[in-house]
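Subject: A structure for you to look at

Hi,

Here is the structure I promised to pass on.

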Amino acid sequence: MAEGGAFDRMLNSLGRSIVLGTVESGAALDPVALGEQFGVSRTVVREVLRALGSKGLVDARPRRGTTVSTRSRWQMLDGDVLRWRFSHSADVRFLDQVFDLRQAVEPLAARRAATEHVDADLAVLTEALRAMQSATSTEEHIVADLSFHRGVLQAAHNELLESLGPLVEGGLRVRDRIVHAAITADAVQEHSVVVAAIGRRDGAAAEVAMRALLSRSAADVTRAMTSPAGEQV
């Protein structure tokens with residue numbers, strides 16, 4: 001296997017194990033043992049540990065070696081860290097935290113999108129809404145929903161808000177997996193209210209509409225997780 005492929009394989013495997021708690025905080029990481037475990041060179045092990053260190057997942061110090069960092073040091077908004085956490089949909093506490101942050105971020109993004117969007121931004125949102133209305137499968141619904149929420153962040157024209165896209169998208173994917181991506185007329189209507197408010201540049205209405213949409217989304221997850229079918233997710 002090429003070095004690049006070996007690097008990605010080890011990074012994803014070890015990173016996911018740390019994030020999901022299979023390898024616990026404080027655990028010592030032996031580079032030689034890791035090389036043997038993953039069948040990679042010392043160079044690959046060194047580069048993987050350096051990459052994990054940049055994400056706050058491991059800490060290397062003289063004489064003590066490399067250990068898994070405490071969660072407080074993790075770069076929680078790092079794209080890879082988010083992806084590894086979202087790979088385990090049963091992490092209900094993390095999903096609740098994502099909803100908390102989305103409630104803080106997306107209504108603000110909708111308000112900003114109403115005042116800052118250009119025609120191309122509104123076209124993206126309109127197309128996402130059309131795709132949502134015509135979705136006939138779970139995957140089509142997920143793609144349309146992701147496009148809509150990504151579009152709102154982009155339409156705000158705020159680089160910091162847009163940088164939270166991976167968090168929003170990851171939360172949406174897990175949410176749709178839990179509730180089986182059931183698209184309803186009410187859900188489409190709630191999204192269309194957001195688009196309409198953005199289109200007429202009514203920031204206050206766009207913020208209120210996004211809060212209502214997110215509240216309904218959170219209620220859907222709670223209902224699914226407490227139902228007999230949800231318990232099996």
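Below is what I found, going from the whole chain down to a single side chain.

First, a word of caution: this is a predicted model. The chain has eleven helices and three strands. If you follow the sequence, the order is α-β-α-α-β-β-α-α-α-α-α-α-α-α. Of the 233 residues, 43% are buried. Taking the contacts with a separation of 6 or more, 73% are between residues 24 or more positions apart.

Next, helix α4, which covers residues 79–86. Its buried residues are Val81, Leu82, Trp84, Arg85 and Phe86. Where α4 starts, aspartate 78 has a side-chain oxygen within 2.9 Å of the backbone nitrogen of aspartate 80.

Now for the helix packing. A pair of packed helices is described by the angle between the axes and the distance between them. The crossing is left-handed. On the α5 side you'll find Arg102, Val105, Glu106, Ala109, Ala110, Arg112, Ala113 and Glu116, and they meet His149, Val152, Leu153 and Ala155 of α7. Sorted by class, this contact has seven nonpolar, one polar and four charged residues.

Helix α6 (residues 119–134) also packs with α7: their axes come within 8 Å and cross at roughly 160 degrees. So α6 and α7 are roughly antiparallel to each other. This crossing is left-handed too. Residues making the contact include Val124, Leu125, Ala128 and Met132 from α6, and Ala144, Phe148, Gly151 and Val152 from α7. By class, the contact of α6 with α7 has nine nonpolar, four polar and three charged residues.

Last, one side chain to zoom in on. Arginine 216 sits in helix α11 (residues 203–226). Is arginine 216 buried or exposed? Arginine 216 counts as buried, because its relative accessibility is 19% and the cut-off is under 20%. Its side chain makes a polar contact of 2.7 Å with the side chain of glutamate 190. Setting aside neighbours within four places in sequence, arginine 216 touches Arg175, Ala187, Glu190 and His191.

Happy to talk it over whenever you like.

Cheers

Terms used
Residues numbered from 1 in each chain as written. Predicted model: local features only at pLDDT ≥ 70, side-chain atom pairs only at ≥ 80, totals over all residues. Heavy atoms only, no water. Buried < 20%, exposed > 50% of the residue type's maximum accessible area, 1.4 Å probe, protein only. Helix = DSSP H or I, 4+ residues; strand = E, 2+ residues; numbered from the N terminus. Polar contact = N/O pair within 3.5 Å; in protein donor to acceptor, adjacent residues only side chain to side chain. Left-handed = near helix turned anticlockwise from the far one by under 90°. Contact = heavy atoms within 4.5 Å. Nonpolar A, V, L, I, M, F, W, Y, C, P; charged D, E, K, R; others polar. Axes fitted to C-alpha atoms, helices over the stretch in contact; angles between N-to-C directions. Parallel < 35°, antiparallel > 145°, perpendicular 65-115°, else oblique.
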